[in-house]
Amino acid sequence: MAQQEEPSTLLHVELGVATITLNRPQEKNSLGVEIINELGDHLAACMANEEVRTIVLTNNGNTFCAGANLKRGNPSDPARYNLVEILTMIQDGPKVVVAKINGHITGGGVGLAAACDLSVIIDSAKVGFTEVRIGVAPAIISVVCLPKMRRGDAAELMLSGEKIMATRAVEVGLLNYAVPADSLDSAVTRLTDKLVRGCLLYTSDAADEEDSVDLGGRRIIKKKKKPSKR
């Protein structure tokens with residue numbers, strides 16, 4: 001019997017934090033139909049789940065995301081989302097999304113990381129708009145990347161396709177923090193702990209009174225639905 005393929009993404013929820021893991025390391029977590037479908041489903045579920053207060057987007061393997069999948073063909077499922085919809089869901093959704101970047105990011109993967117509200121990357125990773133080297137402009141992801149960058153830095157990196165170190169990606173504003181690989185888990189945990197303490201849980205518009213929910217021993221206040229982050 002053929003071995004069943006592992007899911008393209010994994011979801012784990014604990015103490016108000018939902019962790020979505022890109023799980024196609026052999027394909028550098030590139031964005032094919034399957035991984036985009038699963039990522040979209042998980043994001044939608046987490047945005048609607050009242051017990052999720054913060055979402056962490058991370059990866060298995062040495063690459064967070066290498067952009068579009070140019071090799072994987074004939075997907076078993078039709079596309080339910082596209083990259084624009086994924087980026088919009090991250091930016092406009094009611095939950096804070098943290099990118100926990102445990103590897104290199106290139107092409108559309110840079111946009112995926114930049115769309116997140118906060119980001120932490122290992123300092124040994126490289127970042128680049130490498131699609132320009134095959135004649136593709138970073139048009140879609142420029143919408144989320146350009147607001148974070150100075151004009152001169154954006155022009156240099158988007159026109160050259162040069163890979164830069166994570167520390168420079170932080171300097172130009174694409175990402176928030178670069179940390180040693182052995183500090184990534186603790187850095188993200190400190191960040192999400194602050195977010196879980198500082199964010200309110202929101203219920204539907206019909207909720208008129210405050211309520212509370214027990215998350216692992218913590219009594220957390222729930223209030224009316226929060227508007228979009230924009």
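**Strand β7 and beyond**

Mentor: Strand β7 is joined by three bridges to strand β10 (residues 177–179), and the two run parallel. Strands here are DSSP runs of E, at least two residues long, and helices are runs of H or I, at least four long, both numbered from the N terminus. Residues are numbered from 1 along each chain as its sequence is written. The model is predicted, so local features need pLDDT of at least 70 and side-chain atom pairs count only at pLDDT 80 or more, while totals for chains, interfaces and linings use all residues; side-chain values use heavy atoms, without hydrogens and water.

Within the β10 pairing, I122 has V179 as its bridge partner. Strand β7 also pairs with β5 (residues 96–101), in the parallel sense, over four bridges; pairing requires at least two DSSP bridges between the strands. There, A99 is bridged to S119 of β7. β7 itself spans residues 118–122, and four of its five residues are buried, that is, under 20% relative accessible area with a 1.4 Å probe and protein chains only, where exposed is over 50% and partly exposed is in between.

Away from the strand, K28 sits in the loop between β2 (17–22) and α1 (33–48). K28 counts as partly exposed because its relative accessibility is 44%. The C-alpha atoms of K28 and F64 are 7.1 Å apart, although 36 residues separate the two in sequence. Beyond its neighbours within four places in sequence, K28 is in contact with T63, C65 and A66, contact being heavy atoms within 4.5 Å.
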